[in-house]
Each structure stands twice: as structure tokens, then as C-alpha cells.
Amino acid sequence: MNPLSRRKLITGSIAAGVAGTAGLVAASRIGRRYTLMGGLIAPDCRGPYGAGETLTYAAQRLLGAHSLAREFPRGMISKAPFANAVAPPKEEFKRHQAVGFSTWRLAVDGMVAHPVSLSLADLRTLPVHSQITEVACEEGWSYVAEWIGTPLSGVLQEVGVLPQARYVVYKSIDGVWDSLDMTEAMHPQTLLTMGMNDGDLPVGFGGPLRLRVPRQLGYKSAKFVNRMIVADSLKGFGKGLGSIEPEYGYSWYAGI
């Protein structure tokens, strides 16, 4: 390589680095501006990847807040869907399972006008929706299944979410927790799922109750959900990162 081309390569690399840094600074500024405009900033925005997290989340909310996840024809339902491993069920879960989950309850409270505790029978009286969507895992595998349940938006409307609420935190009986912003929680494809492929939702896939969030990666679709808390901030939950996942290197916003 001659000196001139080497010099061009070095100066080009420096320019690219400066541009990349400038992009991250710009993303951070955009995030701060969106915070003032309505809170479009990811709760896990700290650290070296924080600016990117903010830009991704804010851009999606501004450009694709009402977009739909792809729905598939019935003929594309996976013949052998993959059920990833879960921890052995706790005694509390076994007690519910022994009576066919007739004692299972979903508590919905927090910043709502009418806190409720709903049985599966109560949930089945609500409007039923189904969707054939893909579960896409960050580990690289995926499958297509039919999910049957009731839109989370209907439950939130029934309990009367207060105007200042911004998030729905959802917890599982096994200790896992996560959260959605109100845009995702009220999206028509976000389902409280009780059925799969024309049958009850199997335990291996999150039965008796799973939150299905088809516009985001699979880990946002928490299994064994038994409580939801409507909140105006996520600072009081875990480490304040929006879910347990960012504590292990994953993103809070996991849009596909």
C-alpha cells in the first residue's frame, strides 16, 4: 500500500469513528428530547448501548406504533413447535395444576380505578381473539402457532387505567417479570392467551395463562402470568431497567 492510500485509509477510519460517535450523541439527544415530549425513552437506556436502545425504541414508537405482526395461514402452523425449558414447577403451581387451574387468578391492580382478581373462567367470558403468529427467539429458533385468548386492552379498559399510567408490569408465578409501555399493552395483537392450536394452552408453552406479545421477541411473551401492575414509572421494579432481562444483557424493548 502506498503512503497516500494508507493515509486515506487512516483518515477514513477516523472519520467513520467520529461519525459513529456523533450518531450516538445525536441518538442520546433525540432520546432526551422524546423524554420531554412524552417519555419515548427505554428504561434500560444507561450504559454503552443506551443511546442505541433509545433511538430504536423512539423510532419504532414514532414510525410504527400501530404496525401489525405478520399473521400466517393455518397451513403454516408448525407441526412440532419448540417448548424451551422451564424451571421445575413450584409447589404453589402444582396445587393449581392438581385442580385443573380452577384456582388460578390474575390480579390486575396499581394505577387503575377498579382493581380485579380474575379467574380463567372470568377471562373466558371476555371477547375471544385468535392469531397465528410466530414466536421468534433471540437464540435463533422460531415456530408458528395459533394463540387463543382475550386482548389485554379489553381487561385494561375494564379496570379503568388512570390517565398518568405509562406501563403495565406483568409477573409470573415462577418469579419472572417484565413490562410493556401502554402502546404495546393496548395493541390489538397483545393477548392474554389461554389456548393454543385449538386446545388449552399446554403448561410447556406457558399454560394456563401466557401474555403473547407478537411484535417483540419471544422472551417478552412471559409464561404463567398471575399478576399485572399498572404504573407510571418502572423505577420501583427490580433495578429499574423495565424487566429482569436487561440484567442479563437483553434489551427491554425487543421489537422484531
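How many bridges join strand β1 to strand β10? Four bridges join β1 (residues 105–110) to β10 (residues 225–231), and the two strands run parallel.

This is a predicted model, in which local features need pLDDT of at least 70, side-chain atom pairs count only at pLDDT 80 or more, and totals for chains, interfaces and linings use all residues. Residues are numbered from 1 along each chain as its sequence is written, and side-chain values use heavy atoms, with hydrogens and water left out.

**View 1. The open sheet has five strands in the order β2-β1-β10-β5-β6.** Its pairing is mixed; two strands pair if DSSP finds at least two bridges between them. Strands (E, at least two residues) and helices (H or I, at least four) are DSSP runs, numbered from the N terminus. The edge strands, β2 (116–119) and β6 (177–181), each pair on one side only. Valine 108 has methionine 228 in β10 as its bridge partner.

**View 2. Aspartate 198 and arginine 74 form a salt bridge (3.6 Å, N to O).** A salt bridge is a side-chain nitrogen of Lys or Arg within 4 Å of a carboxyl oxygen of Asp or Glu. Aspartate 198 lies in the loop between β7 and β8 and arginine 74 in the loop between α2 and α3, so the pair ties together parts 124 residues apart in sequence.

**View 3. Lysine 220 and aspartate 178 meet in a salt bridge (2.6 Å, N to O).** Lysine 220 is in the loop between β9 and β10, and aspartate 178 is in strand β6, 42 residues apart. Lysine 220 counts as buried at 1% relative accessibility, and aspartate 178 counts as buried at 1%; buried means under 20% relative accessible area, exposed over 50%, partly exposed in between (1.4 Å probe, protein chains only).
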